[in-house]
Amino acid sequence: MNERHTKAREAFMHLAAEFLKEESNRTSLITVTGASLSPSMLHGTIYVTIFPETDEKHALEFLGRQRDNFREFLKDHTKARAIPNFAFQIDPMEKDRIHLDETLRNAGKKE
């Protein structure tokens with residue numbers, strides 16, 4: 001991955017966090033944890049965590065409805081020539097990390 005690609009990915013991640021801060025209704029906590037871009041930079045994924053987990057379905061529906069608004073937000077807040085089409089997705093690595101933390105915490109209590 002070249003430096004331009006890395007900088008673009010990081011910029012889109014930060015802009016996604018800013019967008020969600022402005023647009024979220026705050027019924028659940030949506031945190032941007034990462035972003036990925038295709039090599040062509042035409043498609044991307046914004047990875048999020050949602051708390052409480054019981055609100056994941058509703059929050060993902062909200063994020064799906066906000067895709068066009070997010071794209072418009074990016075047009076207004078970036079100088080990129082082409083704005084990627086983004087999808088929002090639960091961060092699977094963060095879920096694994098949380099599960100591992102809980103497992104280790106529970107193993108420590110047994111001793």
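## Charges

In the protein chain, 17 positive and 18 negative charges have mean positions that lie 4 Å apart. This value, like the others in this report, was computed from a predicted model.

## Overall layout

The protein chain contains four helices and three strands. Read from the N terminus, the order of these elements is α-β-β-α-α-β-α. The C-alpha trace spans about 55 × 35 × 15 Å along its principal axes.

Contacts in the protein chain can be sorted by how far apart the two residues are in sequence. Among contacts with a separation of 6 or more, 61% join residues 24 or more positions apart.

## Surface and interior

The protein chain has 111 residues, and 35% of them count as buried. The chain exposes about 7700 Å².

Where in the secondary structure is His-5 placed? His-5 belongs to helix α1, which covers residues 3-23.

Is His-5 buried or exposed? A residue counts as buried when its relative accessible area is under 20%. His-5 has a relative accessibility of 9%, so His-5 counts as buried.

Which residues does His-5 touch, leaving aside those up to four places away in sequence? With those set aside, His-5 touches Leu-37, Ser-38, Pro-39 and Met-41. In summary, His-5 is a buried residue, is placed in helix α1, and has Leu-37 and Met-41 among the residues it touches.

Key:
Residues numbered from 1 in each chain as written. Predicted model: local features only at pLDDT ≥ 70, side-chain atom pairs only at ≥ 80, totals over all residues. Heavy atoms only, no water. Helix = DSSP H or I, 4+ residues; strand = E, 2+ residues; numbered from the N terminus. Buried < 20%, exposed > 50% of the residue type's maximum accessible area, 1.4 Å probe, protein only. Contact = heavy atoms within 4.5 Å. Areas by Shrake-Rupley, 256 points an atom, 1.4 Å probe, with all protein chains shown as cover. Lys, Arg positive; Asp, Glu negative; His and termini not counted. Charge placed at Lys NZ, Arg CZ, Asp CG, Glu CD.
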